[in-house]
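This report looks at charged side-chain pairs and at one helix packing. Please keep the sequence and the model in view while reading.

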Amino acid sequence: MELDKGLRSGKLGEQCEAVVLFPKLFQKYPFPILINSAFLKLADIFRLGNNFLRLCVLKVTQQSEKHLEKILNVDEFVKRVFSVIHSNDPVARAITLRMLGSLASIIPERKNAHHSIRQSLDSHDNVEVEAAIFAAASFSAQSKDFAAGICNKVSEMIQGLDTPVELKLKLIPMLQHMHHEASLASSSRELLQHLVNSYPSTPMVIVSLHTFTQLAASSLIDIPKQLQLLLQYLKDDPRKAVKRLAISDLKLLAKKAPHLWIRENTQTLCECALTSPYNSLKLGMLAVLSTLSGTITQKYPKPGLRLCYLIPK
């Protein structure tokens, strides 16, 4: 009753206060009928309110992600939210795109949402484009068809000469979701390899390498190649930030697929640890070796290797 009163209030502050209390309501009463009714009311607030209220509804939706599957009238809920995508205000469209991205788990194959995201990637408004990238990444993770359809568009934008570097850095992580088909994963890997070779700046290398790792971790068959690439950068790249990223990703792959590490991989990692002048990086490499040693699948190349030499004094 108090929340209803707040939502119907003519004062913006009282409406916002009522909206942000919904996550607590969902935790206390996690019943589908109540959650369905509440989200339909939030959708009306989103449709009729101003951008600040829409932002509040977006935050509530993101905080209540685990309750989205309890919405019974999904079509009606999405219809009310989606109506804002036709607004002349690019900020309103941007918030709507982020809202759609947050709902991707329950509407992965919604074609009108797919179409709007593709259109918004061509917008001249940076806020709308960034929101479209968020939504595209969310839908790519959930929908094989959307990922296949958007891959070429994203590749063109990343390679486009008129695309700012800052925007490229936001587009690249989307490629980690292109693992639904072998051909899709292969073309994404080729593009990432091209980016690593063509753009040697530290931010570009770090983002591309990490996306490379995430893609390999999802497809599994590319993990051996990715291990070689990360170890190559760990060994040869002089930049500490790149080495730190390589170690972090190696640890991720050590947890994900320790059985795919071969003798040469662990040998190279040990050599890098012994020759590194940075104690913090040595500790990171020790953590990777420790992760591997905790599995029964990994045998180290030199059982007698005195790893105690790596511990900083």
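## Salt bridges and a helix pair

A network of salt bridges links D44, R47, E76 and R80. The model is predicted. Across the whole structure, a search finds nine salt bridges. Three of them are taken up below.

Side chains of opposite charge can pair when their charged atoms come close. The table gives the separation for each pair.

| Salt bridge | N to O distance |
|---|---|
| D44 and R80 | 3.0 Å |
| D75 and R110 | 3.0 Å |
| E128 and R93 | 2.8 Å |

Start with D44 and R80, whose side chains meet in a salt bridge. D44 sits in helix 4 (residues 32-48) and R80 in helix 6 (residues 74-82), so this pair ties together parts 36 residues apart in sequence. D44 is partly exposed, with a relative accessible area of 24%. Both D44 and R80 belong to the network that also includes R47 and E76.

Next comes D75, which forms a salt bridge with R110. D75 lies in helix 6, while R110 lies in the loop between helix 7 (90-102) and helix 8 (111-120), so the pair joins parts that are 35 residues apart in sequence. D75 is exposed, at 54% relative accessible area. R110 counts as partly exposed, at 23%.

E128 is in helix 9 (residues 126-142) and R93 is in helix 7, so the bridge ties together parts 35 residues apart in sequence. E128 is buried, with a relative accessible area of 4%. R93 has 18% relative accessibility and also counts as buried, because the cut-off for buried is under 20%.

Now the helix packing. Two packed helices are described by the angle between their axes and the distance between the axes. Helix 12 (residues 182-198) and helix 13 (residues 202-219) have axes that come within 9 Å and cross at roughly 160 degrees. Helix 12 is therefore roughly antiparallel to helix 13, since angles over 145 degrees count as such. The crossing of helix 12 past helix 13 is left-handed.

Which residues make the contact? Helix 12 supplies A185, S188, R189, L192, Q193, L195 and V196. Helix 13 supplies M204, S208, T211, F212, L215 and A216. Eight residues of this contact between helix 12 and helix 13 are nonpolar, four are polar and one is charged.

Key
Residues are numbered from 1 along each chain as its sequence is written. This is a predicted model: local features need pLDDT of at least 70, side-chain atom pairs count only at pLDDT 80 or more; totals for chains, interfaces and linings use all residues. Side-chain values use heavy atoms; hydrogens and water are left out. Axes are lines fitted to C-alpha atoms, for helices over the stretch in contact, and angles run from 0 to 180 degrees between N-to-C directions. Helices (H or I, at least four residues) and strands (E, at least two) are DSSP runs, numbered from the N terminus. Angles under 35 degrees count as roughly parallel, over 145 as roughly antiparallel, 65 to 115 as roughly perpendicular and the rest as oblique. A crossing is left-handed if the near helix is turned anticlockwise from the far one by less than a right angle, and right-handed if clockwise. Contact means heavy atoms within 4.5 Å. Ala, Val, Leu, Ile, Met, Phe, Trp, Tyr, Cys and Pro count as nonpolar, Asp, Glu, Lys and Arg as charged, and the others, Gly among them, as polar. A salt bridge is a side-chain nitrogen of Lys or Arg within 4 Å of a carboxyl oxygen of Asp or Glu. Buried means under 20% relative accessible area, exposed over 50%, partly exposed in between (1.4 Å probe, protein chains only).
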